[in-house]
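Morning, everyone. Let me take you quickly through one model. Please put it on the screen.

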Amino acid sequence: MFRRAALFIIGFGPGIGLGIARAFGRSGYSLGLISRRTTAHRDLAHGLVQAGSTARLFQADAARPESLKRALGEARAMFGGEPEVLVYNAAAAAQGPASALSPEGLAANLRVDVVGALTAAQEVLPGMRRRGSGSVLFTGGGLALNPAVAMSSLSIGKAALRNLALVLHKEAAGSGVKVGLVSVMSPVAPDRPLTADRVGATFLEMHRRPSPDFPAEIQLS
């Protein structure tokens, strides 16, 4: 069991998830890394440990509430209670225009994009409220504001996620708990101005903002 402040990140993997984990790990946070494919990401987790972080992998399918709740329970048991920060970074998408989406396919994607986010928030918010501190942060996207025909499913999902984050932000006002999202407005890549490490640093900076000045959203491009 670890007593340092912990970050739980749902949707850990290469890219943004790793960037967030690096930023918090360098700042001394223990890392609960929740991923659908833990085997594929063991090397990433090992790299964080080699860099000096305390990190543990947990398996969950964000589309299945019972799977997500189980993984969060395992992470709580490992790290000694509610995290100081929960980041929801999981997403699912289907290529193609909205006219070609099947209702079943869209519903399946929304179970990851939105329902999983709600499940995760509902799991940690009561404990954070009792403690009077903590942050629940979501990875938003520019598609929420500028939807793309070829990425209609993810556009719908990110729009719904954004509104979930905004209403939770209003609900949390005055509780000591902070809820918001970092909306990634442009592509993330090592050779672009917006890198995964820059996104991760923004999540850390957002969490550190005091409650009176805490924004509902940071748009990053």
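This is a predicted model. I'll start with serine 183. Serine 183 sits in strand S6, which runs over residues 177-184. Is serine 183 buried or exposed? Its relative accessible area is 1%, and the cut-off for buried is under 20%, so serine 183 counts as buried. What does serine 183 touch, apart from neighbours within four places in sequence? The contacts are Gly140, Gly141, Glu217, Ile218, Gln219 and Leu220.

Next, the largest pocket. Its volume is about 790 Å³. There are 32 lining residues, and Gly11, Asn89, Ala90, Ala91 and Ala92 are the closest to the centre. S5 provides the largest share, 3 residues. By class, the lining has 18 nonpolar, 10 polar and 4 charged residues.

Now helix H3, residues 65-79. How far apart are its end C-alpha atoms? They are 21 Å apart. With 15 residues at 1.5 Å a residue, the span should be 21 Å, so the two values agree. The buried residues of H3 are Ser67, Leu68, Ala71, Leu72, Ala75, Arg76 and Phe79. Look at the spacing. An α-helix has 3.6 residues a turn, so residues three or four places apart point the same way. What covers the buried residues of H3? The cover includes strands S1 (6-10), S2, S3 (55-59) and S4 (85-88), plus helix H4 (103-131). Just after H3 comes glycine 80, with a positive phi of about 85 degrees.

That's my tour. Over to you.

Terms used: Residues are numbered from 1 along each chain as its sequence is written. This is a predicted model: local features need pLDDT of at least 70, side-chain atom pairs count only at pLDDT 80 or more; totals for chains, interfaces and linings use all residues. Side-chain values use heavy atoms; hydrogens and water are left out. On a 1 Å grid over the protein atoms alone, a cavity is a set of points where a 1.4 Å probe fits but cannot get out, and a pocket is an open set with protein on both sides within 12 Å along at least five of seven lines; lining residues have an atom within 4 Å of a point. Grid points are joined across faces, edges and corners, and a volume is the space filled by probe spheres set on the points. Helices (H or I, at least four residues) and strands (E, at least two) are DSSP runs, numbered from the N terminus. Ala, Val, Leu, Ile, Met, Phe, Trp, Tyr, Cys and Pro count as nonpolar, Asp, Glu, Lys and Arg as charged, and the others, Gly among them, as polar. Buried means under 20% relative accessible area, exposed over 50%, partly exposed in between (1.4 Å probe, protein chains only). Contact means heavy atoms within 4.5 Å. The expected span of a helix is 1.5 Å times one less than its number of residues.
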